[in-house]
Amino acid sequence: MANQLVSKEFHAPVRTPAAEAVAHKPTDFKSDVKPDWCPSCGDFGVLAGLQKAVSTLGLQPKDILTVSGIGCSSNLPGFFRTYGVHSLHGRSVAVATGAKLANPDLTVIITGGDGDGYGIGLGHFLHAVRRNLDVTYIVMNNQIYGLTTGQASPTTSVAAKTKSTPGGCIEGPLNPLALAIVSGATFVARAFSGEPNHMADVMAQAIKHKGFSLVDCFSPCVTYNKINTYQWFKERVYKLEDKKHDAADFKAALDRAFEEPEKIPLGVFYKREGAATYEDQDGAIQKFGPAVRQKLGTTPEERKAIWDSFK
Ligand code: SF4
């Protein structure tokens, strides 16, 4: 029955053929909407890094989908000239999963904050990691809920005084890199807004990677987080590539992920090539092709075939 439903008519390639690709400068990925972030917010650096990364990779705006949740940083798709979805709090990964499965040719980039991704959306994040969906997750980690004016988030440091923890935070921070590594992520990296060129390079590697890639970006909230400032990070960050870190070494990656807060490594912690992606293994996609290439609607004969299959 199922084969009768497959369209043979809609198999035009979705992605722009290389011969037709146009080179885009980073500024070509600026939308007409001006970011509404506070002056000096770390999210400006993340947006600039992303614009540079997709430009470097020669990607076309029409081949990219950016999906966010809710939060200051989740406004990013509005400022980035690609297709975009500003979805629900903590649900960006779920929306991105649906989009990627419907059209695996899209370059899907998820953007959002630590509260959105590591708090409300943690379940979606970890399950996307273990599925090895071929998407990139850029988390603007400012260790606070900024949009709601400064409450403790899942990555807030112990003893930090915030609006929701006036006596100091008594919960230990979640370690997103270690979580991703042990959950089966095939690309795990960290960047910092104060190192924009390095950030763009890490993002380009993540987008290029086939499989789930996480880039946790330290993106200071200059308004509500007075502890984890640009200066605080500058005194602690170092680049993994300067220490000859082997990103293929699972144990070394985990060791590096537990170094903070005394030292904060930046760069690619862990990378595993060649793992099958979820969409490469999905039976329906393999058998019928992605939804985007199937025709809309059904004929009377197809509806009858569906009906008959339940008899
Ligand atoms: Fe950035 Fe913080 Fe301002 Fe939000 S409140 S825009 S995170 S500086």
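Two strands pair if DSSP finds at least two bridges between them, and strands themselves are DSSP runs of E covering at least two residues, numbered from the N terminus, with helices being runs of H or I of at least four. With that in hand, take strand β6: its Phe-218 is the bridge partner of Asn-141. Keep in mind that this is a predicted model, where local features need pLDDT of at least 70, side-chain atom pairs count only at pLDDT 80 or more, and totals for chains, interfaces and linings use all residues. Residues are numbered from 1 along each chain as its sequence is written, and side-chain values use heavy atoms, leaving out hydrogens and water.

- Strand β6 covers residues 213-218, and six of its six residues are buried, so the rest of the structure largely encloses it; buried means under 20% relative accessible area, exposed over 50% and partly exposed in between, using a 1.4 Å probe and protein chains only.
- Cover comes on both faces of β6: Ser-213, Val-215 and Cys-217 are buried on one side, and Leu-214, Asp-216 and Phe-218 on the other.
- Strand β4 (residues 136-141) runs parallel to β6, and six bridges join them.
- Strand β5 (residues 187-192) also pairs with β6 in the parallel sense, over six bridges, and here Phe-187 has Ser-213 as its bridge partner.

**Aromatic rings**

- The whole structure holds 11 aromatic pairs, counted when ring centres of Phe, Tyr or Trp (its six-membered ring) lie within 6.5 Å, with planes under 30 degrees apart called stacked, over 60 edge-to-face and the rest tilted.
- One of them is the tilted pair of Phe-192 and Tyr-230, at 6.2 Å centre to centre and 45 degrees between the planes.
- Since Phe-192 sits in strand β5 and Tyr-230 in helix α7, this pair ties together parts 38 residues apart in sequence.
- Phe-192 is buried at 0% relative accessibility, while Tyr-230 is partly exposed at 24%.
- Trp-232 and Phe-233 make an edge-to-face pair, because their ring centres are 5.0 Å apart and their planes sit at 90 degrees.
- Ring pairs link Phe-192, Phe-218, Tyr-230, Trp-232 and Phe-233 into a cluster.

**Helix α7**

- Gln-231 belongs to helix α7 (residues 230-234) and is partly exposed, with a relative accessible area of 48%.
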